[in-house]
Amino acid sequence: MSIAIPSFKVETGTRASSFSALIGAAVLVLAVAVPFLVPRGAVQDLFFILTMLVLAQSWNLLAGYAGLISVGQQVFVGFGAYTMFGAVILFGIDPIVATLIAGLFAALLAVPTALFTFRLYGPYFAIGTWVVAEVVRLLLAQWKALGGGTGTSLPREATRDMAGVGLLRDHFGMKAAEASDALTYWLALVLAAATIGLIYRLLRSKQGLGLAAVRDNEQAARAVGVDARRMKALVYLTTAFLTGLAGALIYVQKARISPDAAFSVTDWTAYVIFIVVIGGIGTIEGPIVGVILFFLLQNLLSDYGSWYLLMLGLVGILIMLFAPRGLWGAFSDRTGIQLFPVRRMLVGDPLAHTPKGGPHG
Amino acid sequence: MSLLQLECVSKRFGALTVADEISFSVGEGEALGIIGPNGAGKSTLFNLITGNIAADTGTIRFGGADLTRVPPMARCLSGMGRTFQIPQPFEKLTVFENVLVAGSFGAQRSESGAYVRCAGILADTGLLDKANVPAGGLTLLQRKRLELARALATEPRLLLLDEIAGGLTEAECHALVATIRAIHAKGVAVIWIEHVLHALTSIVERLLVLNFGRVIGMGAPADIMASRAVREIYLGIEV
Amino acid sequence: MTALLETRGLKAFYGDFQALFGVDISVAEGETIAIIGANGAGKTTLMRAISGVLASDPDAILCRGEPIGALAAPDVLASGIAMVPEGRRLFPSLTVEENLLIGAYSRKVGPTWTLESVYELFPVLRERRSNPATALSGGQQQMVAIGRALLSNPDLLLCDEISLGLAPVVVRDIYAAFPRIRASGASIVIVEQDIGQALKVASRVYCMMEGRITLCGRSSELNRDQIHAAYFGAERHGLH
Amino acid sequence: MGFIDTIVQGVLLGGLYALFAAGLSLVFGIMRLVNLAHGDLIVLAAFLLLVLVTGLGVHPFLAAVVAAPLMFGAGWSLQYVLLNRTLGKDVLPPLLVTFGLSIVIQNSLLEGFSADSRRISAGVLETASIGFGPVTVGFMPLMGFLSAVAVIVGLNLLIYRSAIGRAFRATSDDTVTAGLMGIRPQRIFAMATGIAMVVVTIAALYLGTRANFDPTAGPARLIYAFEAVIIGGLGSLWGTLAGGVILGVAQSLGAAVNPEWQILAGHLAFLAVLLIKPRGLFPRAVD
Amino acid sequence: QDAPVKLGYVSPQTGPLAAFGEADKFVIEGFLATAKARGANYEVIVKDSQSNPNRAAEVAKELIVDDEVNLVLVASTPETTNPVATTCEGEGMPCISTVAPWQPWFIGQQGNAADPASWKPFDYAYHFFWGLEDVIAVFTNMWSQVETNRKVGGLFPNDGDGNAWGDETVGFPPVLEKMGYALSDPGRYQNMTDDFSAQINAFKSGQCEIITGVVIPPDFTTFWNQAKQQGFVPKVASIGKALLFPQAVEALGKAGHNLSSEVWWSPSHPFTSSLTGETSAQVAEAFTKATGRPWTQPIGFAHALFELAVDALSRAEDPADGDAVAQAIAATRLDTLVGPIAWDGKNLPPFAAKNVAKTPLVGGQWRLKEDGGYDLVITDNKTAPNIPVAGKMEAIA
Ligand SMILES: Nc1ncnc2c1ncn2[C@@H]1O[C@H](COP(=O)(O)OP(=O)(O)OP(=O)(O)O)[C@@H](O)[C@H]1O
Ligand SMILES: Nc1ncnc2c1ncn2[C@@H]1O[C@H](COP(=O)(O)OP(=O)(O)OP(=O)(O)O)[C@@H](O)[C@H]1O
Ligand SMILES: CC(C)C[C@H](N)C(=O)O
Ligand SMILES: [Mg+2]
Ligand SMILES: [Mg+2]
């Protein structure tokens, strides 16, 4: 009965993707040079974009690929940031090293929270994660050494003497504040690039395939031997780590922390969800598009105070109603273009035609 | 020794008993057919065997081990492959990827190590020309074939098929029977729920009849089909 | 005379998938017809299209000559067409009586059918009136589903596979209620897998295959071979 | 005595939380809609009351009577025009749209009323109290609790004893079949949100007279409301009242130990309930 | 014409602390008019902290990075002053700050507040106001005028002020204990809380006849109403922050009578402006005339901020050089509307000597007027005898 198996191979790249790899490399090179080219305000803006992008990619990995809709990601931002502050203020550790420690601590925190929240489903999970974040916030608000409810600031020396700042000051004649902006910006750039790289690699691996299966249909995934629980836990820990790193980095740059700000559900989860969903959930491109739109809106409208947020809310509602798969989703559906293809294409002799494919997920 | 053995397995949904002290066994390489009216509990029985539904009472043994409390994933890895009556494709993945998930996770291979087998299975199940199409775009018939392809890709010792022949043309049905016969011939045990009786009886050695969650008959197909109960309850033919 | 219900070249789609390819049927006032066909032939789809659950062309469905194809389900009900859906679809969080009363939610004037008369038709339901609907046996649930549809006082009752999964004796009970329903003035369309049963209650039969009508005729004039051919395609084997 | 007083004050506070939560519970129970703007809608209603009280010079209770139909209309239209379009299998669209709505409401209020904190003056009732043996109970908190019970009883009567309530439950079970029965799900949903907004108005009355509110006070209320709903089990109204009371008592017990523990204790009670019963105290059979 | 000298100004103009920012517009308009009359070219960029410390830090950064101001002025509560001062310090931007007791300002900005050995002075941030030692003295002086059981209930929130006022070493507890008062302090609560039952309960069972604390204005209304509801009425209530403003007291209806508060500026303060030469009474009158509202305490301090800014910038070698401006500030010797100001370390511990300058403090009580309005009557001046008293302390009925 067996039909002779045709000669074939499996491909994941597309022409657009090799093109985008080139563009990506160029953008990266340009991005590295940014602190020398633009004023400080712009560097800070770009820093903001990059860190939001990391948060958005992480949440997207969690919700878009593992189906875990968390509204409590601020817990990792806040915990990471507080870990960093604690390490710097109480132990005199360099902020950059402290940021790495913060990532690890955030991942550690994810273990007990996962034990609890993974018992919950759907809306229970979402609210459960939020409450966990509130609990951690309230506990940290009791930590008087770090300013309790009011919060505290990073000692001036900490950011001023941060590894590398002196170097920049001496070689490029930057002021200390300028140098630390440039430094945090580069770190954010590395983190964003690494996050996208890591997620892209994960998605192209066997684990990524399993993850996509779990998201599409958990029951069927289990039935074909995918360990859905382990898969989700892996993703949850990874996002906690990335989110914690980003959180710590954000607060190295802000240099001031308070529980309300560090655990803000609006800033670190709601806006992030907004970015992901507007850009297109379940794609790597989506959060990138989303964060750029978010930033543009912010810059266009930031002089209008609350009008800006009002517009943001309206744009979110409109996009959800008229392009429920997000801007990138709508674009990709129409053109078939994907910059980060993860689809395994079976190509070979009997399969001369390449069907048009939507984005992965 | 029997490959799969159920002892007094029961399951209730509230007041509804969907499996009522079911006991039977399937030997290594055997083929068993299951028939019964709609809602008799056939699909539920599959879900009990594969662990998608936990049994209230009774034990389920597979390959000598007690799997009653083991999750579906582990049952798959120990050699059970199943299809869902209502197909459950991974809609956003392509057909090839759907099979690849089963072929790499279920069969415990590396991803690239599963490519050849998975492509072969697509060819066998007539899905090769749809390999790169997202599974969400398949028709019902194609979805059912994909169910079969995915189950096969896990390299099962026991294949559980839930109504895969409905709606096929004569020629398609023949091809399907040939495929299943070939799998069976390789020593894979098969349990097949099917309303298309001529297809079913051309393969299975025994038939089990379910009604209201209870086993009301078990034996050679010819005997079962001739029995009064089956003619009355199932075939709706006046006797 | 215009038919009570008529479909003309009715097509139906699930997304890109076409399930009906130009179906023409008609039901006269007071008539009972049956629709038979294999699994997946499109019977349920036809019922869903008529009752307004699936969208179709405005002019593809006519009720007393009026186009109703574009109407939503509640408006179709308002024009006198009620459905007993496949699989009963009772409301699990409502009791038996509440399920019945839901049928009267937007009833037409002139209550031919009341809670009382439904209980008379299916006395067993009166005893179980305050049970959750899902606690009933399949046959009893089917009675609730029929009673629920009747309480809207329909001119046309669509019954999709009402004997599905029921023991023969229960099926007999349910079909025994048909003369009473007809006597109330309603026309009936039944979708039935059991050909014997279908031929017994209906005056005319349509047979469907793969989204098309393949056979149509008076029950008394059709023979088994014709039906088998229409059912499975000419080259197929029948069941025995 | 201190202990009894603590419990009594906690129960009364719980009544307020139950009021916050009742509308959310209703909306979730009927259409599985997780409304992230619920807290902001309460605050919006409080501002509406404030405007009526200061503009017309009427008593807050009277203002609530005027505001309730306005809020009903707002809720009805909101659901009919906007939220109905987001309902479906996917949980994200309603989540995102209601979040967007929350931002829109908050910032419109900021534009209109600035970030200042406000309060609705209930005149002498504000400080009026009633003595029950050793405990003295404020009139307004007591009214708040009684209103919560009345709202829950009323909603239960509506849902379990009326034709529209049957339609609510039927639609909630199965919209397609409900449509076959002549029910228009879109309107039923709009009606449900309208009713929820009436409850929101009552909640706003007690929120605004008890303490201060400002345009950004919504999310903090939202989390209590969610907790109350989830402790009770999604869709169970009595459960929601129980959830509110558990939350209120936990908070006041926590505060009695140390005010730092007030809010934390409520959250911990919530987590403890979910740890033991992941689907709340009175879950319903099908979700 | 030269480019204008740019002053950044941050204060809470909206939010729960909005009352503090109420006079800003009046003061700034007055300042710009005066400056213009004198031929000086000043631009004031005003930012609203919305009573939110994080927003305060953000707007400070905007002032420095985007607006490139020459000097940052900041006022009202540690929630506003601290983030702004810290940001300026980090950016090397001179900053003058006020309307926050100096302990929460200075200690609150230290990385590790618990470890005095680690505290460091600032290079760019300068503050003028009174300290906890002053308010404690004022409050206890007022209490000693009334017959009480010396049992005190404390309301200290978990914020910059609350943590400092309630602190076991620098705050109220040690001093009150030494003076023979029994303090019942249930613990730090969150601002904007809905429920004060626990505190009321604790005060009842502690039989407190005196209430003190540092409460944001909206919270005190909630507390006081709930206290009434639950039948708790102390003889004295001396509350920081919340009772500075007539609106807050009026919001309590008749229940505001005889509540007491610290007074850091009033029309009867015997000082004059170095900018305009007006007396305190004249400034207060001008405010009421311009806005139709009663005078409030922040008017004087907001005004003094601009006096100091002009003084320092005119003495600085180069107003665009942060270090030069900071140096000029440090060297200030100026008689302002709120009293003489010099960063000379007088009456201060050594660690705060460089960055803090103190102003005088007295105590007052709100008295219900015939027309339903309230007057703030100075009832104790032991701490600053040059400021006249206008009445004696009375117990709350
Ligand atoms: N999760 C569930 N909860 C409640 N009832 C269920 C559940 N799953 C199945 N049932 C009920 O159990 C009964 C048996 O269902 P099952 O799907 O096993 O029937 P079946 O024999 O496979 O029928 P068919 O031939 O139509 O596929 C039906 O009445 C069904 O409604
Ligand atoms: N929701 C749906 N989405 C996509 N395809 C559907 C859907 N429902 C039915 N179909 C397809 O439409 C075709 C007709 O189905 P329909 O349910 O009308 O058949 P039927 O004649 O009622 O069959 P049965 O006897 O099984 O009830 C089938 O091929 C079926 O797979
Ligand atoms: C602004 C305030 C913090 C100043 C001080 N607490 C006072 O009551 O006056
Ligand atoms: Mg089945
Ligand atoms: Mg059907």
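1. The site of ligand 2 is shared between chains, because residues from chains B and C surround ligand 2. The shell has 15 residues (a heavy atom within 4 Å), and C:G40, C:K43, C:T44, C:T45 and C:E86 are the closest.

2. This is a predicted model, in which local features need pLDDT of at least 70 and side-chain atom pairs pLDDT 80 or more, while totals for chains, interfaces and linings use all residues; side-chain values use heavy atoms, without hydrogens and water. Residues are numbered from 1 along each chain as its sequence is written, with chains lettered from A and ligands numbered from 1 in the order in which they are written.

3. Oxygen atoms of ligand 2 lie 2.4 Å from a side-chain N or O atom of C:T45, 2.7 Å from one of C:E86 and 2.8 Å from a backbone N or O atom of C:K43. Of the 630 Å² of accessible area (Shrake-Rupley, 1.4 Å probe) that ligand 2 has on its own, the protein covers 70%.

4. Ligand 3 is surrounded by 15 residues, the closest being E:V99, E:D161, E:K241, E:E262 and E:W264. A side-chain N or O atom of E:W264 is 2.6 Å from an oxygen atom of ligand 3, and for a backbone N or O atom of E:K241 the distance is 2.8 Å. The protein covers 100% of the 270 Å² of accessible area that ligand 3 has on its own.

5. Chain D contributes 42 residues and chain A 35 residues to their contact (heavy atoms within 4.5 Å).

How values were computed
A polar contact is a pair of N or O atoms within 3.5 Å; within protein, one must be able to donate a hydrogen and the other to accept it, and residues adjacent in sequence count only if both atoms are side-chain atoms.
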